[in-house]
Amino acid sequence: MILVNTDYISGKNLEMLGLVKGSTIQSKNIGKDITQSFKTLVGGELNAYNEMMNEARALATKRMVEEAETLEADAIVNIRYSSSAIMQGAAEVIAYGTAVKFIE
């Protein structure tokens, strides 16, 4: 499966199959949440939250690809990501794009 954030793939003619998406809501455990709160006092990167968002993006991407595979897509073009806070220490991440099939 080819994944790109452009609306084309060089050298390929594309048949649009439709919108595909994947999402997840992730949170860190209370212990990590407390330690990250202390980190805000001194500044710097919040590694636990960074890891949480990386995991969430990976899972949302995987779910988007699985949906594209059910359409027998060869690729997903114009991929975008969006995130929003659901509550303190939890975020929703959605990945979406257009599933396409290569045509000769």
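I looked up the surface first: the protein chain exposes about 6,500 Å², and carbon and sulfur atoms supply 52% of it (Shrake-Rupley method, 1.4 Å probe; for residues, only the protein chains shown count as cover). I note that this is a predicted model, in which local features need pLDDT of at least 70, side-chain atom pairs count only at pLDDT 80 or more, and totals for chains, interfaces and linings use all residues. Residues are numbered from 1 along each chain as its sequence is written, and side-chain values use heavy atoms, with hydrogens and water left out.

I then read the fold. The protein chain has two helices and four strands, in the order β-β-α-α-β-β along the sequence (DSSP runs numbered from the N terminus; helices are H or I of at least four residues, strands E of at least two).

Of the 104 residues, 30% are buried (under 20% relative accessible area; exposed is over 50%, partly exposed in between; 1.4 Å probe, protein chains only). Among contacts with a separation of 6 or more, 75% join residues 24 or more positions apart (contact: heavy atoms within 4.5 Å).

I examined the largest nonpolar core, which has 16 residues; V20, M64, A68 and I76 have the most contacts inside it (buried Ala, Val, Leu, Ile, Met, Phe, Trp, Tyr and Cys joined through side-chain atoms within 4.5 Å). Helix α2 gives this core its largest share, eight residues.

Last, I located E55 in helix α2 (residues 47-70). E55 is partly exposed, at 42% relative accessible area.
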